[in-house]
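Subject: A structure for you to look at

Hi,

Here is the structure I promised to pass on.

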Amino acid sequence: MYESYYHLSGKPFQLNPDPAFFFGSRGHRRAMAYLEYGLHQSEGFIVITGEIGAGKTTLVRSLLERLDSEKVVAANLVSTQIDAGDMLRMVAAAFGVPSRHLEKADLLLALETFLVSTTAAGKRALLIVDEAQNLTPAAVEELRMLSNFQLEDHALLQSFLIGQPEFREIMQSPRMQQLRQRVIASYHLGPLDAGETRAYIEHRLHRVGWQDDPLFSAEAFRAVYVATGGIPRQINTLCDRLMLAAFLGERHAVGEGDVHEIVDEMQQEMAVPSGDGGAPGGARSNGNGHAHPAANGFDLRLLDPARLQVGAELARQVEALAAGTDLQRIEARLTRLEQSVSATLGLLSQLLQAVRRDKPNEGRKHEH
Ligand SMILES: Nc1ncnc2c1ncn2[C@@H]1O[C@H](COP(=O)(O)OP(=O)(O)OP(=O)(O)O)[C@@H](O)[C@H]1O
Ligand SMILES: [Mg+2]
């Protein structure tokens, strides 16, 4: 909407994990280095965890884009509650191995044959499982078994497990001991720091030909960092709103005040009204009187169900939930409006009665 106004070649703050926009923050570079190290090892598991929206999927996509398909055969699996029964079939499908009507033993054989022939052709097989926090322990166990395939003393499969922070806890459970022994490296991807947040925003803007229009002040960058806690997805959502507001106001500069205004606006949109106009649900101040969305933890409205890599049913539920939040908000506003209209009407009718009492003949005079 605002792109042409600011002479941009595209949308700078989209929510899809587009590798074309990849920004190598310290954390992202490190995580990438771990993955590349894992590729050289060609065995075992690399585990990358990271906050929601920190850029794990973007990292994976960037890696996949860089891989030399002559050397590596990669399969990217996005786990939406995969249980043990489906795991092997999903892996087979991700590698393009036909698995229909095969019993488990034959399926394992088909996968092993594929992995052996890949290795024999001088290539490495890489399995990436994103959203690994959704895996059941039994499904993880199936993955571990796959990692046992060997040709002479070479492992046939290298696996990357990518997940949200709770995957760290899953990994710590006693059931995961065998898998833990096969993890060759793990890394936790944290948020960007203040300097990186600014560099990240500028990077995305430059990617679409930004020439300081609109111009962000240093304080505005800082305020975006404070409000988002340096989480890329939240930064994107906030910056998109900032750009839109600047465009609607025909402004060519974004200041600290603009950031606070949008943050407050988003905070109000998210708050479920309690009748007293307050913002329950954990809305907290960031210390300078402005609402702090990151402090609210998981924010449904920052999700774009269409871009979530979840099953259609889950995406539909998230959408319905988010829409429900909107409806509740609108409904509560309407109720309040209704109450104030009926209070005003009551006052007006009292006023009318008082006027009639004071001047009882006034109305009748006009009747003649
Ligand atoms: N290093 C990065 N460079 C450019 N954009 C990034 C980077 N990291 C994250 N983003 C952007 O932030 C948003 C969220 O990223 P992504 O979907 O990769 O997060 P995630 O960690 O996989 O989230 P989830 O926990 O929900 O799976 C996307 O819009 C993505 O483009
Ligand atoms: Mg992801």
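Below is what I found, starting with how to read the model.

This is a predicted model, so local features need pLDDT of at least 70 and side-chain atom pairs count only at pLDDT 80 or more, while totals for chains, interfaces and linings use all residues. Residues are numbered from 1 along each chain as its sequence is written, and chains are lettered from A and ligands numbered from 1 in the order in which they are written.

**Confidence**

pLDDT is the predictor's confidence in each residue, from 0 to 100. The chain averages 83, and 76% of the residues score at least 70. Two stretches to treat with care: residues 276-310 stay under 50, though the model has 70 contacts beyond four places in sequence for them. The other is 363-368, also below 50, with 1 contact beyond near neighbours in sequence. (Two residues are in contact if their C-beta atoms, placed from the backbone, lie within 7 Å.) Where pLDDT is low, the predicted coordinates should not be read in detail.

**The overall build**

You'll find 13 helices and 9 strands in the chain. Of the 368 residues, 32% are buried. Buried means that 20 or more other C-beta atoms lie within 10 Å of the residue's own; exposed means 12 or fewer, and partly exposed is in between, with C-beta atoms placed from the backbone. Among contacts with a separation of 6 or more, 74% join residues 24 or more positions apart.

**The core**

A nonpolar core is a set of buried Ala, Val, Leu, Ile, Met, Phe, Trp, Tyr and Cys residues joined through C-beta atoms within 7 Å. The largest one has 73 residues, and V91, L127, I128 and V224 touch the most other members. Helix α9 (residues 218-228) gives the most to this core, 7 residues. Domain 1 (26-189) and domain 2 (194-298) both contribute residues, so the core lies between them; the domain bounds come from an automatic or database domain assignment.

Which residues does V224 contact, leaving aside its neighbours within four places in sequence? They are T197, I201, I235, L238, C239 and V259. L111 counts as buried because 23 other C-beta atoms are within 10 Å. With neighbours within four places set aside, L111 is in contact with L88, V91, A92, V97 and L146.

**Around ligand 1**

A residue is near a molecule if its C-beta atom, placed from the backbone, lies within 6 Å of it. Of the 20 residues around ligand 1, G55, K56, T57, T58 and P232 come nearest. By class, this shell has 8 nonpolar, 9 polar and 3 charged residues. (Ala, Val, Leu, Ile, Met, Phe, Trp, Tyr, Cys and Pro count as nonpolar, Asp, Glu, Lys and Arg as charged, and the others, Gly among them, as polar.) Helices α2 (56-66) and α10 (232-248) each supply at least two residues of the shell. Why does ligand 1 lie between the domains? Because domain 1 and domain 2 both give residues to the shell around it.

D213 and P214 are joined by a cis peptide bond, with omega about 5 degrees. P214 sits in the loop between α8 (194-207) and β8 (215-216). D212 lies in the loop between α8 and β8 too, and has a positive phi of about 60 degrees although it is not a glycine. Is D212 buried or exposed? Exposed, because 11 other C-beta atoms are within 10 Å.

S42 also has a positive phi without being a glycine, near 50 degrees. You'll see S42 in the loop between α1 and β1, and it counts as partly exposed, with 16 C-beta neighbours inside 10 Å. One of the contacts of A155 is S42. A155 itself is in strand β5 (residues 154-155), and its C-alpha atom is 5.4 Å from that of E43, 112 residues apart along the chain.

Happy exploring!

Technical notes. Helix = DSSP H or I, 4+ residues; strand = E, 2+ residues; numbered from the N terminus.
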